[in-house]
Amino acid sequence: MFATIYLPDFYLQAALRHQPDLSGKPVALLDDQEKKAVIIQLNSAAEKTGVLVGMTPSQGLARYLDLVIKVRSHSQEKLLQDILLHFAGSLAPYVEATAPGISTVQFTDTRNIAAKVSRVVAQLADSEIAAQAGIAPTPDASFLAAHLARPVLQIDNASKFLAALPIEVLAIA
């Protein structure tokens, strides 16, 4: 069995990690490493104002003048990724840093996996890190389950789970 722990809006979570005063305010995130600065992630408050991923900062501000524009924090992203790997490593010895904000764990002992993974998601939440986790027989199915989890989703039959998914879900992969 595999578990994927997923931190939604990873770059935004990292950038806002130590700025609780921005909680609830519309925030958009830019990648300063790109040639053309565009919004790469935004919180739900910003989405409600009509701001979209891919807009330039000026387009976002034209939609909502009080939009807070932040730049990616690579040092905070590394720290958040390290925290994720630390907690994932407490589950089993076979841990992979799959992508930024995503870690996959392979279990050899399948007893109480859901309880163990739920505990880690709760510990991340106690650290003010939003996390979701999917548990499934294959790494790909656990990845998709993690994106749909609220906060933990266990899939025992990957074929049945995948057959029921709408094709739009595959866009996250």
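This is a tour of one predicted chain, stop by stop, for use with the viewer open.

Residues are numbered from 1 along the chain as its sequence is written. The model is predicted, so local features need pLDDT of at least 70 and side-chain atom pairs count only at pLDDT 80 or more, while totals for chains, interfaces and linings use all residues; side-chain values use heavy atoms, with hydrogens and water left out.

**Whole chain**

The C-alpha trace spans about 50 × 35 × 30 Å along its principal axes.

Colour by accessibility next. Of the 173 residues, 43% count as buried (buried is under 20% relative accessible area, exposed over 50%, partly exposed in between, with a 1.4 Å probe and protein chains only). Among contacts with a separation of 6 or more, 52% come from residues 24 or more positions apart; contact means heavy atoms within 4.5 Å.

**Strand β7: Ala 133**

Select Ala 133, in strand β7. Ala 133 is buried, at 0% relative accessibility. Leaving aside neighbours within four places in sequence, its contacts include Thr 4, Ile 5, Val 117, Val 121 and Ala 146. Val 152 is also in contact with Ala 133; the two are 19 residues apart in sequence and 4.7 Å apart in space, C-alpha to C-alpha.

Pro 151 is another contact of Ala 133. Select Pro 151 in the loop between α6 and β8 (152–154). Show the backbone: the peptide bond joining Arg 150 and Pro 151 is cis, with omega about 0°. Most peptide bonds are trans.

Move to Pro 137, in the loop between β7 (132–136) and α6 (139–148). Pro 137 is partly exposed, with a relative accessible area of 30%. Beyond its neighbours within four places in sequence, Pro 137 is in contact with Met 1, Phe 2, Ile 155, Asp 156 and Ala 158. For a sense of scale, draw a distance to Val 27: Pro 137 and Val 27 are 37 Å apart, C-alpha to C-alpha, and 110 residues apart in sequence.

Most residues other than glycine have a negative phi. Asn 112 has a positive phi of about 55°. Asn 112 lies in the loop between β6 (102–106) and α5 (113–126) and counts as exposed at 57% relative accessibility. Then select Glu 128, in the loop between α5 and β7. Glu 128 has a positive phi of about 60° and is exposed, with a relative accessible area of 69%.

**Last stop: Phe 10 and Tyr 11**

The structure holds one aromatic pair. Phe 10 and Tyr 11 form this pair, edge-to-face, at 5.6 Å centre to centre with 65° between the planes. Rings of Phe, Tyr and Trp (its six-membered ring) pair if their centres lie within 6.5 Å; planes under 30 degrees apart count as stacked, over 60 as edge-to-face and the rest as tilted. Phe 10 is buried, at 4% relative accessibility, whereas Tyr 11 is partly exposed, with a relative accessible area of 22%.

Note on methods. Helices (H or I, at least four residues) and strands (E, at least two) are DSSP runs, numbered from the N terminus.
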